Amino acid sequence: MTTASTPESAPGAARVGIVMGSDSDWPVMRQAAEALTEFGVPFEADVVSAHRMPHEMIEYGSRAAGRGLQVIIAGAGGAAHLPGMLASVTPLPVIGVPVPLKHLDGLDSLLSIVQMPAGVPVATVAVGNARNAGLLAVRILAATDTALRAKMAAFQESLREQAYAKGERLRA
Ligand code: RP5
């Protein structure tokens, strides 16, 4: 089901599944793929629409853990039911990305994803911030992956150095 405009995968068996309701979400969702690529985390990317392909969506979520995926990143816009529905059929952590559409600035997407009932969590990032979804997936994996944790610590140090450099430019 991979679309022409999405990468099929990064090298290695996918640890993270990136899914989205439409290939029109890809310009936002590709930021998650880029973050995972930076950390060398293998992923797969696909279109799995909750409303247009409900049976495939349930199959994707039901089979994800058994196929070796460890985290799912799901993005959708508008009536964004994909992350929540996946979370209801998989024991894996699901990170939701509210994709902003033409109307309502993504508030509809955000509320559709974040307002989950108790017992079925979706870790929701800011509207359009798929990069943070990728970074959060890295952190989840890093909890049991010391090499990845070291990479994340180095990345965080680079953020600190960048912040210092900005301050130095102001003081100069
Ligand atoms: C949602 O509808 C998708 O996730 C996308 O954000 C939005 C529009 O989809 P297209 O009409 O562009 O395919 O389900």
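How far apart do the end C-alpha atoms of residues 14-163 lie? They are 33 Å apart, and the span is 47% helix and 17% strand. This is a predicted model, in which local features need pLDDT of at least 70 and side-chain atom pairs count only at pLDDT 80 or more, while totals for chains, interfaces and linings use all residues. Residues are numbered from 1 along each chain as its sequence is written.

**View 1. The annotated span, residues 14-163.** Let us start with the record: an unreviewed UniProt entry places the feature "domain: PurE" here. UniProt positions follow the numbering used here, feature names are shortened, and annotations may be inferred rather than shown by experiment.

**View 2. Strand β4 (residues 94-99), covered on both faces.** Helices (H or I, at least four residues) and strands (E, at least two) are DSSP runs, numbered from the N terminus. Six of the six residues of β4 are buried, a word that here means 20 or more other C-beta atoms within 10 Å of a residue's own, with 12 or fewer counting as exposed, anything in between as partly exposed, and C-beta atoms placed from the backbone. Val94, Gly96 and Pro98 are on one side, and Ile95, Val97 and Val99 are on the other.

**View 3. The parallel partners of β4.** Strands pair if DSSP finds at least two bridges between them. Strand β3 (residues 71-77) runs parallel to β4 and is joined to it by six bridges; Ile72 has Val94 as its bridge partner in β4. With strand β5 (residues 123-124), β4 pairs in the parallel sense over two bridges, and Ile95 has Ala123 as its partner in β5. The chain crosses from β4 to β5 through helix α4 (residues 107-114) in a right-handed β-α-β crossover. Right-handed means that, with the strands pointing away from the viewer, the path from the first strand over the helix to the second runs clockwise. β3, helix α3 (residues 82-89) and β4 also make a right-handed β-α-β unit.

**View 4. The residues around the ligand.** Among them are Met20, Ser22, Asp25, Gly77 and Val99 (C-beta atom, placed from the backbone, within 6 Å of the ligand). Val99 also belongs to the buried residues of β4. By class, the shell has four nonpolar, six polar and one charged residues. Ala, Val, Leu, Ile, Met, Phe, Trp, Tyr, Cys and Pro count as nonpolar, Asp, Glu, Lys and Arg as charged, and the others, Gly among them, as polar.

**View 5. Arg131 in helix α5 (residues 130-142).** Arg131 is partly exposed because 19 other C-beta atoms lie within 10 Å. Leaving aside residues up to four places away in sequence, Arg131 touches Gln31, Ala32 and Ala35 (contact means C-beta atoms, placed from the backbone, within 7 Å).

Technical notes: Two residues are in contact if their C-beta atoms, placed from the backbone, lie within 7 Å.
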